[in-house]
2 protein chains.
Amino acid sequence: MKSRIQNASFISKVMPASAAAAQIQPGMTVGMSGFTGSGYPKAVPLELARLIEGAHARGERFAIRVLTGASTAPELDGALAKVGGIDFRLPYQSDPELRARINRGEIEYMDIHLGQVAQYAWFGFLGNIDMAVVEVAGVLPDGRLIPSTSVGNNKTWLDLASRVILEVNSNQPAGLDGMHDIYYGTALPPERKPIPLVAPGDRIGEPYLRVDPAKVVAVVETHAPDRLGRFAAPDEISARIAGHLVEFFRHEIAHGRLRPELLPLQSGVGNIANAVLGGLRDGGFEGLSAFTEVIQDGMLDLIRTDTLRVASATALSLSPEGVDEFQRNIAHYRSRIVLRPQEISNHAELVRRLGCIAINGMVEADIYGNVNSTHVAGTSIINGIGGSGDFARNGFLACFVTPSIAKNGAISCIVPMASHVDHTEHDVTVIVTEQGLADLRGLSPKQRARAVIAQCAHPDYRPLLEDYFERACRESVGKHTPHLLDEALSWHQRFVRSGSMR
Amino acid sequence: MKSRIQNASFISKVMPASAAAAQIQPGMTVGMSGFTGSGYPKAVPLELARLIEGAHARGERFAIRVLTGASTAPELDGALAKVGGIDFRLPYQSDPELRARINRGEIEYMDIHLGQVAQYAWFGFLGNIDMAVVEVAGVLPDGRLIPSTSVGNNKTWLDLASRVILEVNSNQPAGLDGMHDIYYGTALPPERKPIPLVAPGDRIGEPYLRVDPAKVVAVVETHAPDRLGRFAAPDEISARIAGHLVEFFRHEIAHGRLRPELLPLQSGVGNIANAVLGGLRDGGFEGLSAFTEVIQDGMLDLIRTDTLRVASATALSLSPEGVDEFQRNIAHYRSRIVLRPQEISNHAELVRRLGCIAINGMVEADIYGNVNSTHVAGTSIINGIGGSGDFARNGFLACFVTPSIAKNGAISCIVPMASHVDHTEHDVTVIVTEQGLADLRGLSPKQRARAVIAQCAHPDYRPLLEDYFERACRESVGKHTPHLLDEALSWHQRFVRSGSMR
């Protein structure tokens, strides 16, 4: 097998992961690759965790600030969190160990729009980036880098970091070469120009990442897969949610507000998203496109069957079976998939121009259409807002989906007042549960409340919500957004006290 | 004086306002001109109010849906609200009579981002627009229209409405001719192209509005000024807020994160905004630019003294003295001011590209940086979100300003939990009161809370906020965003009960 490192200067910097990790100092801000469990460095963070553990055993303080694309994997967030090696983290996480420490107050976590991380770094709002640790799929003879399964913020980390550690992962499909589109036309205001992308499949950049070789302090060879689980088959709840959305799209087509090929789809990660995609395929939709963050197994299936004409994303987040399928039909997928920096995949300008149909999961919605995407009972973070805000604010439709209840009915996902607001009443156009779909477009708060309660609430909670809303309409001081302040958060208080909102 | 109506077909449709108003039927959706009290129709709404009053006296139902650019004036919102002639209103209002009826639950009001109204209408989300009632400053021989003091959503109403009533107001400055830039390049997705604007002063369209003459059912001649009050001289509180912001900008320039000419400024309406502009002028800033919604007296002053090189907006909202000054130096102002449709002045793509510095007032912020721009104690609407979200989400900086207390100290504008969220923790970068400035960039929720309490809270409320935060950090289930759910809204509950948060 041909080496993945084809440049002599980079070969000369090959070293064991432990030696590379030793270049990371306490207090450093480290920009790492990784987006939704793909393309994260597999070796250096583990070795770094060992060094940190050793330092702590000797009574030394050792923690770093970790910036990524999005979520990573146990080998990165999990390993570093477990040894107390992270004291600040952004912009997204989903690791159980890391989450637990954030919610115990041990790690500071900043939860920001994935599409804004790169510009925040360029603006200087995140301080200096001392080190980049980036997985790539190969190094070309001229020193350019073949990106891995995710692009994320890698361009920004490579450009801004004072020093760079590369992990070259020979386990990543060689067929990735040429699939990426790295746009080097971004700038700081007032030098910014229009981004010349007008369709999801447009290529506006180049297939490779650039890095100043003088900044590369270590190259580490790895051969390990992204650690991604399988998806469960869609359950009945997901299928019903998907059914409501598909019916809604048909209705919009019938009324001339959508074309049969819809508009570019953005869908969050998980079973409901996969069910929606499956529902579109089974419903006979054709010629669809996606302008989204992540391509999962479900989307591969749609590309294979030509339901999905083209898909743009920043990460390829596939199960082991998905990777096999991807490798088998690589030529077909290469012609239909474009992987971009998340700054571009989630860019406000492009999401607005393309008119994306945003479909994202949530924790809860309140009767007025405010959506909580991140917090349990207002205080414990789950993952983060991710790209949902990038797409919901600027897209054509902002659909939020959830089962109407959670924890066997102990939680209603429709509540009087959201315990944390990530998407405001001004941004949410469609709410869907397995009970039904509330179309909030053009409605006032009270009109929205009636729709959300009638269409989306679980029958066990619907009478309670109706009662709250009716009393609020009578007793609230202000009747634009009627609330009973004494009761507005009482469902969450009850849940915290007793484990149930009932 | 030459007639303002130079087209024979339009002259033939001149009629009294009462005859024009008679063409508006119950239940119609009417798109009207008007933005921040300027450029609204002066005659037809008043006559319509009389017709509605008559119908009600006869026991007939008569109300309409009113869509505008933003706020209007007593002659429109006030008159129609007073007779119960509005049953649905969007996207913004500030009229006392209208507000009172909304908060009594008599009128449904939808409060949406000003930059999204036009596309929502084009998408079909607001239903059919039955009638447009638009004030213009004149009609050209070829039937094109000279826009008035505000552009707002007029292009969209004229394009989409089934029928059109024009008010030609000969009191508006003739010098407005040529000052506008109406962009006719917008489209529905998937046909959208990049908007070719790269600097605040760029002209990308044409100076006139188009209308299909066949749709024009009435032309009404008026001669009346926009009814705009004077601004109070900046008070000490506003001056101190402005001082903190100017100091912050200097700090950012010193650290290389801003250029001496800053980035295009967006500032809300009112005394604090004027004080900030005055502070920049007095602080020796030069070569500034504005990409904003409204040009007020304070901005004229900066343009006159060349502190402000260029200003883009959708409305010219001037006091009588401001209008005099504008007329006196019209040639200078014409070279520095561009008036655009609000779809463009507030466009996500452009706000992001230009990197606007957004400075907007608010009702309250909570310790974690969530901002309430619209509601008193969570239930009564004040005005609306306006363009604050368009700019805060997509700009370079999202600054929110307020005095630290209101109603002689009965209200703290920094609270444990916002009673309504219009701008989330993910979007707010700077909070300023007369007490100081909290720079929230790159901070976790708890880090933000410490900054907001220490820098922005009034000394009378600071110990209470410290106490809440400390106890929340100890007792909250989740310690990412610590809250005591039983107490989170207690300050608002106390205010509703006793008239004071103390």
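Predicted model: local features only at pLDDT ≥ 70, side-chain atom pairs only at ≥ 80, totals over all residues.
User: Thanks! So is A:Lys407 buried or exposed?

Analyst: A:Lys407 is exposed, because its relative accessibility of 60% is over the 50% cut-off. Its place is the loop between β21 (405–406) and β22 (411–412) of chain A.

User: What about phi of A:Lys407?

Analyst: Phi of A:Lys407 is positive, near 45°, in a residue that isn't glycine. For background, most residues other than glycine have a negative phi.

User: Which residue has a positive phi of about 60°, then?

Analyst: That would be A:Leu262, which isn't a glycine either. You'll find A:Leu262 in the loop between α8 (236–254) and β9 (265–267) of chain A.

User: And is A:Leu262 buried or exposed?

Analyst: A:Leu262 is buried, since its relative accessible area is 2% and the cut-off is under 20%.

User: Switching topic: what domains does chain A have?

Analyst: The domain assignment gives domain 1 (8–222) and domain 2 (236–464) for chain A. Between their centres, taken over C-alpha atoms, there are 28 Å. The contact takes 46 residues from domain 1 of chain A and 44 residues from domain 2 of chain A.

User: How much area do domain 1 and domain 2 of chain A bury between them?

Analyst: About 3600 Å², with 58% of it on carbon and sulfur atoms. On the domain 1 side, A:Met179, A:Ile195 and A:Pro200 supply 19% of the area buried against domain 2 of chain A, more than any other three residues there.

User: How many salt bridges and polar contacts go across that interface?

Analyst: There is 1 salt bridge across the interface of domain 1 and domain 2 of chain A. There are also 30 residue pairs in polar contact, with both residues at pLDDT 80 or more. On the side of domain 1 of chain A that touches domain 2 of chain A, the elements giving two or more residues are α5 (96–103) and α6 (117–123) of chain A. By class, that side has 20 nonpolar, 20 polar and 6 charged residues.

User: What do A:Arg340 and A:Asp181 do?

Analyst: Their side chains meet in a salt bridge, at 3.1 Å from N to O.

Conventions:
Residues numbered from 1 in each chain as written. Chains lettered and ligands numbered in written order. Heavy atoms only, no water. Domains from an automatic or database assignment. Contact = heavy atoms within 4.5 Å. Buried area = accessible area lost by both parts, 1.4 Å probe. Salt bridge = Lys/Arg side-chain N within 4 Å of Asp/Glu carboxyl O. Polar contact = N/O pair within 3.5 Å; in protein donor to acceptor, adjacent residues only side chain to side chain. Helix = DSSP H or I, 4+ residues; strand = E, 2+ residues; numbered from the N terminus. Nonpolar A, V, L, I, M, F, W, Y, C, P; charged D, E, K, R; others polar. Buried < 20%, exposed > 50% of the residue type's maximum accessible area, 1.4 Å probe, protein only.
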